Amino acid sequence: KLEYLLSANMALRRTLRTTSSILHYSRSISCNTHPLSRLHSTDASSSQPSSAHSTSGAESGDKEVIYVNPSHALDGYEIVNSRWKPTLPALGLGTWGCDHFTAEEIARSVDMALRIGYRHFDCARVHNNQQEIGAVIKDHIDSGSVRRDELFITSKLYNNEHAPPDGATIRALEDTLKDMQLDYVDAFLIQWPFRNSIHHPPMPFNDDEWFFTYKLISEMCVQGLTASVGVGNATIAKLKQLLLRCQVLKVRKPGILQNELHPYLQWNALLQYCEDNDMVVTAAMPLMSPE
């Protein structure tokens, strides 16, 4: 039993390493009119230190204390494969209701999470709760309890929104912004590599369509509608093909891969591959049970 527990503990530590790292401040960019340009601000006047982080010289051993807002948290990752280079906080709240919780219940959980300090929220169009979540986030921003640039909001397009036609992919992000009442999201992912729909028989994987869809969301990242882009539920074999096409056609590589990841599904080789290619891995269902 002790050997098993030690093994499980090591596996958990390995899993947590995929979403915690020391982070350096991002470099500034020339564009300062788009809301995303605020992601690079390190001006002390733009972020008042929280009283919870206040430390005197004596208390801190006379070491310099650097105050950062949650969008530049030291427990996160910089998405380097992005023009905007946003910071992804290590811990986030998933918003899938597991078919057991209503959109209103999930929205209430987001409200409570914001109150206790969560700043990273993982959403998806297929969850059918982005309007409710967006309303809660807007209430907090309007009340001044949180700033937009302190948040990291992820959304994803679903299988029936792959391109072609390209209009489906573009509408997926535009409708997300409208539903969540946002000018941009911090990450927009292709949730699955497969172009399936609940209304049609399953379709085989097509790497041409997957890349075409990825290229479209990359272009929307350049436009500032999302701060970063990525993919989900992909293997090394699929990623190799995608990254090769990105290299040949001069398209920026994905910044994020989201896969189911926990001590019983560790993806060690995949994690190393993503690290070698500067892709941040986010763990879906890190506690194993979707409920």
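1. Two strands count as paired if DSSP finds at least two bridges between them. In this predicted model, strand β5 (residues 152-157) and strand β6 (residues 187-190) meet that condition with four bridges, in the parallel sense. Within the pair, Ser155 stands opposite Phe188 of β6.

2. These strands belong to an open sheet of seven, with parallel pairing and the order β3-β4-β5-β6-β7-β8-β9. The edges are β3 (93-94) and β9 (280-284); each has a single partner strand, so one side of each lacks a neighbour in the sheet.

3. The loop between β5 and α4 holds Pro164. The peptide bond from Ala163 to Pro164 is cis, with omega near -5 degrees.

4. Helix α4 (residues 166-180) packs against helix α5 (residues 207-222) at an angle of about 45 degrees, and their axes are 10 Å apart. The two helices are therefore oblique to each other. The crossing of α4 past α5 is right-handed. On the α4 side the contact uses Asp166, Thr169, Ile170 and Leu173, and on the α5 side Phe212, Thr213, Leu216, Ile217 and Met220. By class, this contact has six nonpolar, two polar and one charged residues.

5. Lys85, in the loop between β1 (76-78) and β2 (87-89), has a positive phi, near 50 degrees, though the residue is not glycine. Lys85 counts as buried because its relative accessibility is 14%, and the cut-off for buried is under 20%.

6. Asn233 also has a positive phi in a residue other than glycine, near 55 degrees. Asn233 lies in the loop between β7 (229-232) and α6 (236-249) and is partly exposed, with a relative accessible area of 26%.

Notes
Residues are numbered from 1 along each chain as its sequence is written. This is a predicted model: local features need pLDDT of at least 70, side-chain atom pairs count only at pLDDT 80 or more; totals for chains, interfaces and linings use all residues. Side-chain values use heavy atoms; hydrogens and water are left out. Axes are lines fitted to C-alpha atoms, for helices over the stretch in contact, and angles run from 0 to 180 degrees between N-to-C directions. Angles under 35 degrees count as roughly parallel, over 145 as roughly antiparallel, 65 to 115 as roughly perpendicular and the rest as oblique. A crossing is left-handed if the near helix is turned anticlockwise from the far one by less than a right angle, and right-handed if clockwise. Contact means heavy atoms within 4.5 Å. Ala, Val, Leu, Ile, Met, Phe, Trp, Tyr, Cys and Pro count as nonpolar, Asp, Glu, Lys and Arg as charged, and the others, Gly among them, as polar. Buried means under 20% relative accessible area, exposed over 50%, partly exposed in between (1.4 Å probe, protein chains only).
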